[in-house]
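Work through each task with the sequence and the model at hand before reading its solution.

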Amino acid sequence: MSTLQPAATPESVSDEVIAPRTKVKKPKKSAAGDAAGALNSRWASFVAVVIAVLWTTPTVGLLVTSFRSQIDINKSGWWNAFANPGAFTLDNYRQALEPGSSASFTQYFINTIVITVPAVLLPIFLASLAAYAFAWMPFPGRNVLFVAVFALQIVPLQIALIPLLDIYTNKLGFGASYWSVWISHTIFALPLATFLIHNFMRELPGELMEAARVDGAGHVTIFFKILLPLLTPAIAAFGIFQFLWVWNDLLVSLIFLGGTPEVAPVTVRVAELAGTRGSAWYLLSAGAFISMIVPVIVFLALQRFFVRGLLAGGLKG
Amino acid sequence: MVATLLSAAPSGIPEPFLRAESTLGKFMLMFFAIAFFAAVFGLVLFLASLFKGRTGEKAQGAIFAAPAVLLLAVGLMYPAILTIIQSLRGKSGDGSFSFANYSAMFTQPELLTVLRNTALWVILVPFLATAIGLLYAILIDRARGEAFAKALIFLPMAISMVGASIIWKFVYQYKQTDRPQIGLLNQILKVFGFETRQFLLDAPVNTLMLIIVMVWIQAGFAMTILSAAIKAIPDDIIEAARLDGVYGLRMFRYITLPSIRAALVVVLTTIGIGTLKVFDIVRTMTAGQFETSVVANEFYNQSFRYDAPGLGAAMAVLLFVLVIPIVTYNIVQMRKEA
């Protein structure tokens, strides 16, 4: 990422020195090694900026809208808002966060938190245990089971939803409760989580485990004292993945929880509002950003781990 | 169907452990759940530690793996089999065995539209997102402020598809041409003297408008993976090519592209899989009306709104069947790369 990489240095130097003089006519001498160098570097920057602007403008539009009054939003486009900066207001957020009002998202926001935390922790518990067994504990049928768990990554969660709903309501008596979503998210996350953590564990040196065994440590001790601390990067990568997945999920919550304020998360509420009150932009815009702020912060803070998780092969449900 | 299933809860579990109205109650429930799961976790470890000796060793491994394996068997395998059976038992899912649902899928005009739309999504989204992601990754490679430029494109990955749908629904917002516009796209049409359009209502343009949202989300993923792959090309290869007089577009064609081929396949297939299952965008923006439905959305509509769980199950099975070849290819490529 940094421009100080040794590989980048000779190139960027020659780029700066030669490119301004030669331009496009003699691409041979514009020494940049990649396609960007084939274009005039000014054009390259221009195209990059155009893409960046295209990608951010829609979000900026809704963000600006969320700070305008209900009347202004429907009277003029958000791009007119800058002409009168005094008109910006926090009213939409006040309404959207005010506890007790029918427009409030607070309850739904709390539901999202309550749904997300166990739905991230539980698969980490179970997957790291299973991954340890698959990686370092010989037991009969181990390879077959591991391949089965691995292969389950391809099963789309849609195929399990309706029978699962039946099991929860008619066999376990959960009804529309958090337990249904906690367990469902865990189930759907297990194949990927086990696979990721297993791959990471396999790369740890076996001598580490053997030495501990010689010293008389049992598997439980090894798991907690030696492996868990080393696993942090893998768990962080998966944890962020799962956090974003659960926090942003619509389908699983929609099916197992419905839209009641007691249990439904923000995404379900926002989607519902978009259907029934599609022009209530003052509420929709504020609600959408309330639901986005947490994942964006988490993502920006822990981007490194997330990208690593993606690179390790983020196939899911 | 959801409502009837959810209300009929013959629960043996005391209500406070299932649901809570107050915020405090909800958090108590959450902490109780975490403690409960931790206790189960501890119990598994305790049980495992009881087994000693050589045979005990094997039992320990089985016990460590058991919770995950059991949960997957009961919560994923078994339901999947039930769904496959249900898809073969007529529209209601409990009649006699037949292929009626599958033949309906390929003959009924509305369902054929669903298949056509799904095909459009699966072809357009991976290629557009990958092309844009690759172009951007190359343009900003080693540029000043690269990390910031990446974050701009990548952020849509962090937000929910529901949020993304709201953002774009506002861009597409329609007002009659002579009135002041609030949607950016119609404002642009108006400035250039065109009539404003109902982007989400007019088929087949509306499907393209939904596809744009998915491309917007996925381009950041493509960019991140491809950027990492480009940076991983060994410098000596580039140097050698340069000594041979290979520059610019030829460098891209003969060095960069072949070097990142595996990453390209992974990106295309991963986005393809995600696109096949796209539900949130369609449901939030059009609910599948106006000829915009796709398989994953039709699964939901048939199962929960049109009271045709058998047909819904067939949609889920179709999704599964369509995903298999892409995933297989994806995994084979990843293996090769690893």
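**Exercise 1.** Determine the end-to-end C-alpha distance and the secondary structure of residues 222-247 of chain A in this predicted model.

**Exercise 2.** Characterise chain A as a whole by its secondary structure elements, burial, contacts and surface.

*Solution.* Begin with the elements: chain A has 14 helices and zero strands. Next, consider burial: of the 317 residues in chain A, 58% are buried. Then turn to contacts: among those between residues at least 6 apart in sequence, 68% join residues at least 24 apart. Finally, the accessible surface of chain A is about 12,800 Å², and carbon and sulfur atoms account for 67% of this area.

**Exercise 3.** Classify the crossing of helix 13 of chain A and helix 7 of chain B, and identify residues that meet there.

*Solution.* The axes of helix 13 (residues 266-276) of chain A and helix 7 (residues 161-171) of chain B come within 9 Å and cross at roughly 30°. Angles under 35 degrees count as roughly parallel, so helix 13 of chain A is roughly parallel to helix 7 of chain B. The crossing of these two helices is left-handed. From helix 13 of chain A, Thr267(A), Val270(A), Ala271(A) and Ala274(A) meet Val162(B), Ile166(B) and Lys169(B) of helix 7 of chain B.

Notes
Residues numbered from 1 in each chain as written. Chains lettered and ligands numbered in written order. Predicted model: local features only at pLDDT ≥ 70, side-chain atom pairs only at ≥ 80, totals over all residues. Heavy atoms only, no water. Helix = DSSP H or I, 4+ residues; strand = E, 2+ residues; numbered from the N terminus. Buried < 20%, exposed > 50% of the residue type's maximum accessible area, 1.4 Å probe, protein only. Contact = heavy atoms within 4.5 Å. Areas by Shrake-Rupley, 256 points an atom, 1.4 Å probe, with all protein chains shown as cover. Axes fitted to C-alpha atoms, helices over the stretch in contact; angles between N-to-C directions. Parallel < 35°, antiparallel > 145°, perpendicular 65-115°, else oblique. Left-handed = near helix turned anticlockwise from the far one by under 90°.
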